[in-house]
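Hi everyone, thanks for making time.

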Amino acid sequence: MATELSSFAELKKAPVAGVSAPATPREKEVDPQGRAYATGRRKNAVARVWVKLGTGKITINGRDQKIYFARPTQQMVIQQPFDVSQRNGQFDVIATASGGGLSGQAGAVRHGISKALTNFEPDLRGVLKKGGFLTRDSRTVERKKYGRAKARKSFQFSKR
């Protein structure tokens with residue numbers, strides 16, 4: 001049963017049901033080789049990402065970032081977590097990307113880098129979350145419907 005309170009001062013001091021103590025701070029999650037691991041996803045692409053201290057070298061599927069992602073926009077997408085957290089050139093990234101196209105893979109690698117950075121340095125979580133890098137972009141291709149040309153496009157209507 002609920003206890004009866006007679007003033008607002010008592011209401012402020014009263015314990016609230018369902019509210020627990022403040023959350024414990026996150027811990028650094030690193031393997032014995034000093035790497036933080038995370039999985040990133042975007043559209044149909046999945047990227048497995050390892051981050052460790054280094055010189056800023058980014059390797060995707062055994063190839064350099066500039067060779068694998070030739071478009072400057074895709075290279076910029078991968079660099080965004082480092083730019084926002086002001087950690088350019090401090091981490092080496094090794095990633096394996098599969099599924100989807102190059103744009104989806106670049107987004108998946110960015111998502112994986114962001115999650116791995118928070119595992120390596122939990123203090124960066126707020127900055128990366130505010131930038132929207134930790135949220136998985138759930139937008140995917142809409143399926144084709146029957147009686148239509150594509151997902152939403154319909155066949156030409158003939159009145160007569």
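**The sheet and what packs on it**

Okay, let me start in the sheet: strand 3 (residues 58-60) and strand 4 pair in the antiparallel sense, over two bridges. Before I go on, this is a predicted model, with local features needing pLDDT of at least 70 and side-chain atom pairs counting only at pLDDT 80 or more, while totals for chains, interfaces and linings use all residues. Residues are numbered from 1 along each chain as its sequence is written, and side-chain values use heavy atoms, leaving out hydrogens and water.

Two terms you'll hear a lot. Helices (H or I, at least four residues) and strands (E, at least two) are DSSP runs, numbered from the N terminus. Two strands pair if DSSP finds at least two bridges between them.

What order do the strands of the open sheet take? There are five of them, the order is 1-2-5-3-4, and the pairing is mixed. Strand 1 and strand 4 (63-64) are the edge strands, each pairing on one side only.

At the strand 1 end, strand 1 and strand 2 are joined in the antiparallel sense by seven bridges. Arg-41 has its bridge partner, Val-46, in strand 2. The hairpin of these two strands has two residues between them, and Lys-43 there takes a positive phi near 50°.

So is strand 1 enclosed or open? Five of its seven residues are buried, so strand 1 is largely enclosed by the rest of the structure. Buried here means under 20% relative accessible area, exposed is over 50%, and partly exposed is in between (1.4 Å probe, protein chains only).

Now the helices. Helix 3 (residues 72-85) lies across strand 3 and strand 5 (91-98), and runs at about 140° to strand 3. Helix 4 also packs on the sheet, touching strand 1, strand 2 and strand 5, with its direction at about 150° to that of strand 1. For those angles, axes are lines fitted to C-alpha atoms, for helices over the stretch in contact, and angles run from 0 to 180 degrees between N-to-C directions. Touching, or contact, means heavy atoms within 4.5 Å.

Take Ile-78, which is in helix 3. It counts as buried, at 0% relative accessibility. Which residues does Ile-78 touch, not counting those up to four places away in sequence? They are Ile-58, Ile-60, Phe-69, Ala-106, Val-109 and Ile-113. Its C-alpha is 9.0 Å from that of Ala-108, which is 30 residues apart from it along the chain.

Then there's Thr-118, in helix 4 (residues 102-120). Thr-118 is buried too, with a relative accessible area of 11%. Leaving out residues up to four places away in sequence, Thr-118 touches Leu-124, Arg-125, Leu-128 and Leu-134.

**The aromatics**

How many aromatic pairs does the structure hold? Four. The rule is that rings of Phe, Tyr and Trp (its six-membered ring) pair if their centres lie within 6.5 Å; planes under 30 degrees apart count as stacked, over 60 as edge-to-face, and the rest as tilted.

Tyr-37 and Trp-50 have ring centres 5.1 Å apart and planes at 45°, so that pair is tilted. It links distant parts of the chain, with Tyr-37 in strand 1 (residues 36-42) and Trp-50 in strand 2 (residues 45-53), 13 residues apart. Tyr-37 is partly exposed at 36% relative accessibility, whereas Trp-50 is buried at 18%.

Tyr-68 and Phe-69 make an edge-to-face pair, 5.0 Å centre to centre with 90° between the planes. Both of those residues are buried.

Phe-82, Phe-91 and Phe-120 form one aromatic cluster. Over the ring of Phe-120 sits the charged end of Lys-28, 4.4 Å from the ring centre. That call needs NZ of Lys or CZ of Arg within 6 Å of the ring centre and within 35 degrees of the ring normal.

**The whole chain**

Zooming out, the chain has five helices and five strands, in the pattern α-β-β-β-β-α-α-β-α-α along the sequence. Of its 160 residues, 29% count as buried. Its C-alpha trace spans about 75 × 65 × 25 Å along the principal axes.

That's my tour, thanks.
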